[in-house]
Amino acid sequence: MTATTTKTNALPRSVVNQAWIIVLGAIAPLLDSTMVNIALDHLARSFNPGLDTVQWVVTGYMLAMVVAVPFTGWLNDRFGGKTVFLIAEIIFGVMSLGAALSWNITSLITFRLFQGFGAGLITPLLTTLLVDVAGSGAMGRLMAIVGLPIMLGPIVGPVVGGLIVQYLNWRWIFFVNIPVVIIAVTLIWFRLPQMTPKNPHSRFDWIGVTLLSLMSASIIYGIVQASQKANLTNSTTLTYVLIGIALAAAYVIYAWLRPTSAVVPLSLFHHINFSASMLGLFIAGIVTNGPMLLLPLFFQNLRGESVAIAGLSLLPQGIGMLLARPVVGQLIDRIGARWVAVGGLAITMVGSVPFIYFDQHTAYWLLTIVLFVRGIGAGAILSPLMTDAFVGADPKLSGQVSIATRIMQNVGGAFGSAVLATVVVNFQNQHSRTLSHIAVSYQQGFLWAVIFTAVLMLPSLFLTNRLGKAAA
């Protein structure tokens, strides 16, 4: 009985190999943005523009990513996932080379815009292609593979970026993408099976794509301004967020009038687990991305570590995620996403609450243990939320589900980083810059992260539950 169950649960080697090829194609885009963040000061010294101009190296990339996301559904239906993935990978690689060879800040920002568009096509295709390769029934185990670079990107990126900037120069942040892209393109071309277009005669939904692209870009631009101004109620943020909300309302009306042709059909929200996943992914941006932003700053600004050492200090969290991934994937497929997410959130709480009290004097061994525990919990949050969005949906709509999850993850991630950064900077602006006050500012940030972790429990309870079936 046990042998039969193990054999049944095991994924075919060919499927696992294809999943790793798909993941390899997404590694460079997932690491890129976090590495570039580390290099902003060096870019400012190299090209000598103002900080507001240099910031567009990151902001432009992010906005191009979110604009690209709604295009992936139609491109996947029209030309097939492998073809689109391959072209997007080539675009990303060529533009990485252009960015590395940039001769001024304008050329760098331009290359970054096109690079971001390529990355924006790759990231939604990551989950779409996995569903196409193995089906939604094995997504838990496959997300254990694909979720690893998604979660480790914000941790490994600063380490790699810090080492590159410290020992080479900022151009190598883009040069390192080239060999990865060449290997990925070769494997995609020769080893990934050709995927038949799902609807080669599908018509491009210009109105829906335009509304979703402008909505995402407007909201994220407003949120980025909030993080830069350390104020969520500044006029720029409020204006762009309100425009984004208005565009979202316009899209809902449009999709209601065009139920069969909208790029993200409203019928997906008929499934309560899909709606719960969407809400959960937004809140998860605060729970995961916010602390990912605070933790490197905690080590640099409070404990006086270098960029490289601060990145290395986060490795225990990455190791925790690494160890949790295989178990999380198997549990999702076996008992459903609900209790995996709830359990992950509970463990994340255990690894987050202590940071409400940690300061510059906290022993490193204690920080290491708590970060390790937090990594185990964090590794069980995004995977069940993303995986469960596909459960119950028509397989033909896998591309549309990927678009919806990616948009929500992008907006939630930007919002989460901005909220916690604003909490920290506002406290520091209102108090003297002593180490004790800096410590309290980070403690306040982690307090809000813990609060939103508790809030995330609610939508997680509406994810699918297979526990009764598994027991039976």
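**The whole chain**

Begin by selecting the entire protein chain, bearing in mind that this is a predicted model. A cartoon view shows 22 helices and 0 strands. The radius of gyration is 21 Å, close to the 23 Å that the globule rule gives for 472 residues, so the chain is as compact as a globular protein of that length. Along the principal axes, the C-alpha atoms fill a box of roughly 60 × 50 × 45 Å.

Buried residues account for 55% of the 472 residues. Of the contacts between residues at least 6 apart in sequence, 83% join residues at least 24 apart.

**Colouring by confidence**

Now colour the chain by pLDDT. The mean is 83, and 90% of the residues reach 70 or more. Which elements have the lowest and the highest mean pLDDT? Helix 1 (residues 2–9) has the lowest, at 44, whereas helix 17 (residues 337–350) has the highest, at 94.

Select residues 1–8: pLDDT stays under 50 throughout this segment, and the model has 1 contact for it beyond four places in sequence. Where pLDDT is low, the predicted coordinates should not be read in detail.

**The nonpolar patch**

Which helices each supply at least two of the patch residues? They are helix 15 (307–313), helix 16 (315–335) and helix 18 (364–378). Helix 16 contributes the largest share, 3 residues.

**A loop residue**

Finally, centre the view on Ala393, in the loop between helix 19 (382–388) and helix 20 (398–430). Is Ala393 buried or exposed? Its relative accessibility is 16%, under the 20% cut-off, so Ala393 counts as buried.

Show the surroundings of Ala393 and leave aside residues up to four places away in sequence: Ala393 touches Leu268, His271 and Val401. To conclude, draw a distance between the C-alpha atoms of Ala393 and Tyr240; the two residues are 153 apart along the chain, and the separation is 32 Å.

Note on methods
Residues numbered from 1 in each chain as written. Predicted model: local features only at pLDDT ≥ 70, side-chain atom pairs only at ≥ 80, totals over all residues. Heavy atoms only, no water. Helix = DSSP H or I, 4+ residues; strand = E, 2+ residues; numbered from the N terminus. Rg over C-alpha atoms; globule rule 2.2 N^0.38 Å. Buried < 20%, exposed > 50% of the residue type's maximum accessible area, 1.4 Å probe, protein only. Contact = heavy atoms within 4.5 Å. pLDDT = per-residue confidence, 0-100.
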